[in-house]
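Biologist: I have not looked at this one before. Can you put it up and walk me through it?

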Amino acid sequence: MARVKIAPAKPDTLNEELARLRAFDVETLRGRWCSLFGRRQPSHLPRHLLYRLLAYRLQADRLGDLDAGSKRALERLEGDRASGRASPLSLRPPLSLKPGTVLGREWNGQMHSVIVRADGFAWNGTTYPSLSAVARAITRTRWSGPRFFGLSDREGKGAAR
């Protein structure tokens, strides 16, 4: 969709323009949508969503839109949704551990230490590309590495506690 800029009727502050939008009834918001986007609004949108979408566009035009990383994450999520495999986990930020960090986990009565390196994760004299690969090598089963080492904020079946 082509980017449309909302030009205020007169030079107002952003807050004044948002207050004016907030006061509009649903028909006025629909008219504003048509004049800005050159097409009718989606018929299923209630007043509060029309207001929010118009307010977002106004703020994005005045203050700047989403950064490139956020746009890519949203596009990836949209692609997942379109293919039927939507996952909010695709928006989770990547794990950021500084090289030199030591992670420890006891497994079957034995303590395992993993050293974070710039090129991967070192355990037992071998460098692995991911924490999940280390967890798989330790347990000989499929594990989420962050979950195995207690770095995940979610708890589920088999989560490290």
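Biologist: What should I know before we start?

Modeller: This is a predicted model: local features need pLDDT of at least 70, side-chain atom pairs count only at pLDDT 80 or more, and totals for chains, interfaces and linings use all residues. Residues are numbered from 1 along each chain as its sequence is written, and side-chain values use heavy atoms, with hydrogens and water left out.

Biologist: What is the strand order in the open sheet?

Modeller: The order is 1-2-3-4, with antiparallel pairing across the 4 strands. Strand 1 (102-107) and strand 4 (126-128) are the edges, each pairing on one side only. From one strand to the next the twist averages 30 degrees. Strands here are DSSP E runs of at least two residues, helices are H or I runs of at least four, and both are numbered from the N terminus. Two strands pair if DSSP finds at least two bridges between them.

Biologist: How many bridges join strand 1 and strand 2?

Modeller: There are 6, and strand 2 covers residues 110-117.

Biologist: Which helix lies across the strands?

Modeller: Helix 5 (residues 131-139) lies across strands 1, 2, 3 (120-123) and 4, at about 25 degrees to strand 3. Axes are lines fitted to C-alpha atoms, for helices over the stretch in contact (heavy atoms within 4.5 Å), and angles run from 0 to 180 degrees between N-to-C directions.

Biologist: New topic. How many salt bridges does a search of the whole structure find?

Modeller: The search finds 5, a salt bridge being a side-chain nitrogen of Lys or Arg within 4 Å of a carboxyl oxygen of Asp or Glu. One of them joins E17 and R20 at 2.5 Å, N to O. Both residues lie in helix 1 (residues 14-23), 3 residues apart, about one turn of the helix.

Biologist: Which other residue meets E17?

Modeller: R32 does, at 3.2 Å, N to O. This pair links distant parts of the chain, with R32 in helix 2 (residues 26-37) and E17 in helix 1, 15 residues apart.

Biologist: Are R32 and E17 buried or exposed?

Modeller: Both are buried, where buried means under 20% relative accessible area, exposed over 50%, and partly exposed in between (1.4 Å probe, protein chains only). E17 has a relative accessible area of 1%, whereas R20 is partly exposed at 28%.

Biologist: Which residues form the nonpolar surface patch?

Modeller: Y56, L66 and L74, with about 250 Å² of accessible area together. L66 is in the loop between helix 3 (47-63) and helix 4 (68-82). Patch members have over 30% relative accessible area and no salt bridge; like charges are joined within 9 Å, nonpolar side chains (Val, Leu, Ile, Met, Phe, Trp, Tyr) within 5 Å. Areas come from the Shrake-Rupley method with a 1.4 Å probe, and for residues only the protein chains shown count as cover.

Biologist: Last one. What is the phi of N124?

Modeller: Near 55 degrees, a positive value in a residue other than glycine. Most residues other than glycine have a negative phi. N124 lies in the loop between strand 3 and strand 4 and counts as exposed at 65% relative accessibility. R140 also has a positive phi, near 65 degrees, and is exposed at 72%.
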